Amino acid sequence: RKAEIERMLPVMIEAFVKLSFDFPNIVGQIPLASTISFDFLNNIFLTTCDKLRVDAHILQKRITVFTNNTYDVMFYADYVWVCSGTASLEVAFFKTPSSVIYKVNPITAVLVRLFIKIKYASLVNLCMNDEVIPEFLQNNATVENLVGHAKTILLDSTKRNQMLAKLDVLS
């Protein structure tokens with residue numbers, strides 16, 4: 001879990017910062033699993049802010065970390081970036097528009113491609129045998145892709161409603 005957070009949280013934070021240029025009132029929420037310490041998460045947050053040259057104190061006022069409220073975050077969110085796995089399915093059951101982001105070690109990625117032949121990585125898409133939510137995996141797990149899809153869903157009610165209709169079929 002920690003390696004996943006180290007790989008993906010900085011991308012999500014940077015995407016949030018870029019998305020906030022177009023949505024100045026946007027707020028972010030990070031549900032923190034009980035198995036992860038706040039200090040671990042905060043260190044990644046501060047390092048990412050430093051790298052982006054963003055004032056961490058200002059950004060901390062816009063991104064809240066929650067413990068024991070994961071389902072509330074999923075339910076009330078307008079949009080979610082989620083790691084592949086059961087969390088993507090949980091978000092889908094709340095009918096919250098989302099996209100999946102996932103990165104693994106490059107060697108692991110090569111091995112997975114060689115030995116595992118599946119059309120989709122997320123449980124949502126596997127269950128529906130359709131791309132209900134976009135999957136931004138490995139080299140496609142970019143800030144630009146995350147921001148681009150989030151903006152599409154937040155601004156285009158037709159696209160949002162299409163995703164919601166597919167999520168409705170799932171649940």
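Leu-111 lies in helix H6, which covers residues 106–115. Helices here are DSSP runs of H or I with at least four residues, strands are runs of E with at least two, and both are numbered from the N terminus. Leu-111 counts as partly exposed because its relative accessibility is 43%; buried means under 20% relative accessible area, exposed over 50%, and partly exposed in between, with a 1.4 Å probe and protein chains only. Leu-111 and Leu-89 are 22 residues apart in sequence, and their C-alpha atoms are 25 Å apart in space.

The model is predicted: local features need pLDDT of at least 70, side-chain atom pairs count only at pLDDT 80 or more, and totals for chains, interfaces and linings use all residues. Residues are numbered from 1 along each chain as its sequence is written, and side-chain values use heavy atoms, with hydrogens and water left out.

**Chain**

The protein chain has nine helices and five strands, in the pattern α-β-α-α-β-α-β-α-β-α-α-β-α-α along the sequence. Its C-alpha atoms fill a box of roughly 45 × 40 × 30 Å along the principal axes. The radius of gyration is 16 Å, which agrees with the value near 16 Å for a compact globule of 171 residues; the radius is taken over C-alpha atoms, and the globule rule is 2.2 Å times the number of residues to the power 0.38. Of the 171 residues, 39% are buried. Among contacts (heavy atoms within 4.5 Å) with a separation of 6 or more, 67% are between residues 24 or more positions apart.

**Sheet**

An open sheet of three strands has the order E3-E4-E5, with parallel pairing; two strands pair if DSSP finds at least two bridges between them. E3 and E5 (135–137) stand at the edges with a single partner strand each, so one side of each has no neighbour in the sheet. From one strand to the next the twist averages 25°. H5 packs on the sheet, touching E3 and E4, and its direction makes about 145° with that of E3. Helix H8 (residues 143–155) also packs on the sheet, touching E3, E4 and E5, and its direction makes about 170° with that of E4. For these angles, axes are lines fitted to C-alpha atoms, for helices over the stretch in contact, and angles run from 0 to 180 degrees between N-to-C directions.

E3 (residues 80–83) and E4 (residues 98–102) pair in the parallel sense over four bridges, while three bridges join E4 to E5. The table lists residues that stand opposite each other.

| Residue | Opposite residue |
|---|---|
| Trp-81 | Ser-99 in E4 |
| Cys-83 | Ile-101 in E4 |
| Tyr-102 | Leu-137 in E5 |

E4 is mostly covered, with five of its five residues buried. Ser-98, Val-100 and Tyr-102 point one way from E4, and Ser-99 and Ile-101 point the other way. In a regular strand the side chains alternate between the two faces of the sheet.

**Crossover and loop**

E3, helix H5 (residues 86–93) and E4 make a right-handed β-α-β unit. A crossover is right-handed if, with the strands pointing away from the viewer, the path from the first strand over the helix to the second runs clockwise. Thr-96 is in the loop between H5 and E4. At 2% relative accessibility, Thr-96 counts as buried. Leaving out residues up to four places away in sequence, Thr-96 touches Met-74, Phe-75, Ala-77, Asp-78, Tyr-79, Val-80, Val-91 and Leu-167.

**Helix H8**

The 13 residues of H8 should span 18 Å at 1.5 Å a residue, and its end C-alpha atoms are 18 Å apart, which agrees; the expected span is 1.5 Å times one less than the number of residues. The buried residues of H8 are Val-143, Leu-146, Val-147, His-149, Ala-150 and Ile-153. They pack against helix H1 (2–22), E3, E4, E5 and helix H9 (157–170).
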